[in-house]
Number of protein chains: 2
Amino acid sequence: MTCAPDATILAALERRLGPKGFTRDAAAMEPWLSDWRGRVHGAAAALLSPANTDEVQAIVQLAAAARVAIVPQGGNTSMVAGATPSTSGNALLLSLRRMNAIRALSSEDNVAVAEAGVILSDLHEAAAGIGRRFPLSLGAKGSARISGLISTNAGGTQVLRFGTMRALVVGIEAVLPSGERFDGLSALRKDNRGYDLRQLLIGAEGTLGVVTAASLRLVPAIGARAVAWVGLSDPHAALALLRRLEAGTGDAIESFEAMPANVLAMVLRHIPGTRAPLAGDHAWNVLIEATAPAGAPDPVEAITALLAEAAGDGLIEDAIVATSEAQAEALWKLRESIAEAERGDGPAAKHDIAVPVSVVPDFLVEGSAAVEQKFAGSRVVAFGHLGDGNIHFNVMAPAGADGRAWVEREGPAVNAFVHDFVAARGGSLSAEHGIGQLRLTEFARTAGPVRLGVLRAIKDALDPLGIMNPGKLVPPLS
Amino acid sequence: MTCAPDATILAALERRLGPKGFTRDAAAMEPWLSDWRGRVHGAAAALLSPANTDEVQAIVQLAAAARVAIVPQGGNTSMVAGATPSTSGNALLLSLRRMNAIRALSSEDNVAVAEAGVILSDLHEAAAGIGRRFPLSLGAKGSARISGLISTNAGGTQVLRFGTMRALVVGIEAVLPSGERFDGLSALRKDNRGYDLRQLLIGAEGTLGVVTAASLRLVPAIGARAVAWVGLSDPHAALALLRRLEAGTGDAIESFEAMPANVLAMVLRHIPGTRAPLAGDHAWNVLIEATAPAGAPDPVEAITALLAEAAGDGLIEDAIVATSEAQAEALWKLRESIAEAERGDGPAAKHDIAVPVSVVPDFLVEGSAAVEQKFAGSRVVAFGHLGDGNIHFNVMAPAGADGRAWVEREGPAVNAFVHDFVAARGGSLSAEHGIGQLRLTEFARTAGPVRLGVLRAIKDALDPLGIMNPGKLVPPLS
C-alpha cells in the first residue's frame, strides 16, 4: 500500500521544483485529473511538472522514501484512463509536459532524441526540417506526447509498414522506481547486452518507471504518395488485394483501411461535405496509401496498374486513384471522420481488438453476426487497419433504444462476449489502446495465470513498493 | 545453488523421454559439450532431446523440483559459448534439435510457425515454397536453429532493412523456469496487454526459459537484386553514399558492408580464385545489395544511376554493378571469405562491437589508430555492417610474433582497451553475439550498477532457483 504525502515531503518537493514545477492549486490541477473522454475523474495531492531528468529523479527518490504513489502523465490522451489518478487524492501527478526539448536530430544516424514531453506533431515538423520523417501518426498527434506514446506502445495508421512504437524506439532514458536513472539513450541498431529494458518500458504504462527521453528512428521524407479508394465484395478480397499490392510495390503500402458499406453510409449521413468516392454500391471499401521517398519512382503509376489488373481479374469491383492532394485529402477525410460520425449515431460499446491478419475477414463477418444475434437489435460498426489485424469493433444500441442506458446496462456483457470471441481466435482485447483502468477487469478475467504471474513478478521485482502508477495495467491479486 | 541430479530424477527423465530423448552415453554427448570454436569444454549429467513442448515442460518441472540446472541448446553455434554447460557435470543438457517441425506457413498472415529446432536454411526453403522469404541470414544458417537465433537476438547481413530477430518474431511459445507454458504464439501485429514477455525472452540466452516455438514474420520473395562494389576514399563518404541510396531507392538497400584496403588485400592473398573487383587502389570498399520483390522494378537501373551520380559528384572513386548472378556471387565471396582469410593471417583478439551509425567512420579511423599505438606493432582488421553500426574489430599480433601466445598474453588488456573505447562513444561490447560465458567478465566490468541491478532483479523474479542456463549472461554477485 502507498501512503498519503505528508507536509514534509510536499515542502521538499516544492523547494526542489520551484513555482513552475509544483502546484496544489485546484484550478491548475483540474484539467489533468480527468481522462480526455471525461469518463474517469481522480484527485491528486500535487501536480509536479519537472523541467529535466534530474528533477524527475528527485521526485521519484522522495516519493520512494515516503512510499507515495506517482502517476506519470504525457498528453493525457489515453483511451483507457491510463494517466488518471485514483480518487484517493494521495498520489503525486507527474506531468512531463515541460520536458519538451528535442535534444538532437541526426540525418546521419536517422535518429531524433526527444524528451518525454515532446508533442508528436512537433516531432513530425522537426524531422521534416532535416529531410526525414517519424513514421508514426494518429488522431491525437497535436496533443499526444512521446512519453505516453512509448508507455502505451502507440500504433496508428502506418503500423503496416513501420510497426508500432516498439519498432521505432532505439534508445530510452528513464527513471526507475528506485529513483535510479537508466541511461539507454544511445542509438544502437544492434545491442545484445542482456534483457532489453527498453522493450520492457515500452507499453508498461508507467508502471515500471518514468520514461524521460527517447532516441527515435527516422526514415526518408515522403517524396510522392498514391491514395486510392477501392470498392469490393468482401473482406477476403481485400486481404488478397493487400498481398498483391505489397508484392508489387516493394512494401510501399503504408495504410490499408477497410470499412463496410454501413460505415461509409454513416459517414456520408453525418459529415457535411462528404460524398461517395465510387459510383456503384459496394459491400466493402478500402482506403489505400502508398508512398515513395524523394527521388524514388512515384507510386501512382504502379498502384494504378495493379488496381487495373485486380479489376481485370475480378478481385475488385471498382477503384479510383486520387489525382490531386485535394482528392487524396477528401478520401482520407472519409476514414478520419468515422469516430465523429459514430457520435452522431449514438453511444456504443467500443472494442479495440486484434486477431491474426488472416482471421480478420472471417472475424468481421462472423463476429458481427454473432454479436447481433446474441444482443437482439444491436448493430455492429466494425472497421479498421485490416493489414495489421486491428479492428475497431463497436456495438451500438438497437434503433429506438436509449443508447446511453443500453450501453450502461448491456456494456459489460457485450464486452465479455466480444473479448471471449476474440480470445477463442488467438486475439487480443487490446490492440493499441493498452489496459489502463478501463480494461483492467476484462484483462484480469481473460489473461490466464501464466501471463498474469509473469506480469506481477516483474512488477514486484522492479517496483517492490508499488509506487509507479498503481491501479493501472497490473491486476490486483484477488 | 543448483544440485546434481540424483538417480531418481534421472530415472524419471529416462522413463518420460524414452531412448530417443535421453542418453548418458559419453560418445553421444561429446559433440555437444564444447562450443563450436572448440574453446570451451563442459560436461553434463545427461543429454535430453525432447520431441515436443509437453516433454520440455516435464523436464523443466522435474528439474525445478530437484533444483537441477538446465542448459538449453539449439545448433550449438554460439560465438560466446552460450550453450556450453559448466565443467561440474551437474547440468542437464537440453537439446532442441528433435523439435524441428514447421507447424504452419501462411502467405495470408505472412507468418511461419517454427519449432525451436528448425534449422535456419530449412526455414528459408519453406518460405520460398510459398513465395515468401524469412529475411534474416548469417554464415551458420545451415546449423543455427530458431531457438538459438531467438535466444541470442541474432543479426546477420540484412539487419539494415529488416532488423534483428527482435523485429521478426511475432509470437513465442516457451516453457518458463517454473515449468509453466507461456502460450504467446498467436501472430498478432498489435497487442498491448502488458509487459512484452516475447521481447524479454528474445536475447535472454535461455536464462529465463526455453523457447519451444515461434511465429516469424515473412516478407515477399526476392524478384531481382542488384549487387554492386564501390571504391572510395574513406568511411565518411561510405555513410553519405548509404543515405543517398536509401533515399533514392525507397529503402531497398539490404546490405552495406564496408572494408578497408588491408582487409580486401588479405582476402585476395589467402582465398584462391578471388580477384580485385576494381582496377585502381581504393582506401575503402563497400559491397552493396538492393532487392525488389517479384513484379516490382529491377533495382539494377536505379542503383546504377545513383552510383553514376555519386561518381560525378566525387563522392565515390569507382563502382561496378554485377551483370550476372556469377558476378554477384563473386563479389559476395569477397565479403564472406574474410573470416577464412583472417585464419590464414593468424590469431586475433576479436570484438563484436556497435556504435551509433554516425560514429562508425570516426571510430574506424581513430579506434584503429589508438589500438595500434597502445599495443605496439599490433594490426587492426576492422570491417562490418556499416549501415547498422556493427563493426567486427579484430586486433592481430605484431608481424613476426607468435600470434597465439600474443593473443593469450595481451588479449584481456586489448579487450578492455577496445571495450572502454567503445563505451566512451555510447557503444556496446556485444552487437550481435551476446554475452554467454566469454563476455561475462567484461560485461560485468562495464555494464554499470543500474543495468546489472535490473538484469538480476528480472532473473531472480522469473527464475528464483537459478536453474536456467546458469553462468551465462547474468554476472554473479561479486
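Me: Which residue in β10(A) is the bridge partner of Ala174(A)?
Reply: The partner is Val211(A). This is a predicted model, in which local features need pLDDT of at least 70, side-chain atom pairs count only at pLDDT 80 or more, and totals for chains, interfaces and linings use all residues. Residues are numbered from 1 along each chain as its sequence is written, chains are lettered from A and ligands numbered from 1 in written order, and side-chain values use heavy atoms, without hydrogens and water.

Me: What makes β8 and β10 of chain A a pair?
Reply: Strands are DSSP runs of E, at least two residues, and helices runs of H or I, at least four, numbered from the N terminus. Two strands pair if DSSP finds at least two bridges between them. Strands β8 (169-175) and β10 (210-217) of chain A have six bridges, in the antiparallel sense, so they count as paired.

Me: Why are β5 and β9 of chain A called edge strands?
Reply: The open sheet runs β5-β6-β10-β8-β9 in chain A. Both β5 (102-106) and β9 (181-184) pair on one side only.

Me: How do you know how α14(B) passes α15(B)?
Reply: A crossing is right-handed if the near helix is turned clockwise from the far one by less than a right angle, and left-handed if anticlockwise. By this rule the crossing of α14(B) and α15(B) is right-handed. Their axes, lines fitted to C-alpha atoms over the stretch in contact, with angles from 0 to 180 degrees between N-to-C directions, come within 11 Å and cross at roughly 150 degrees.
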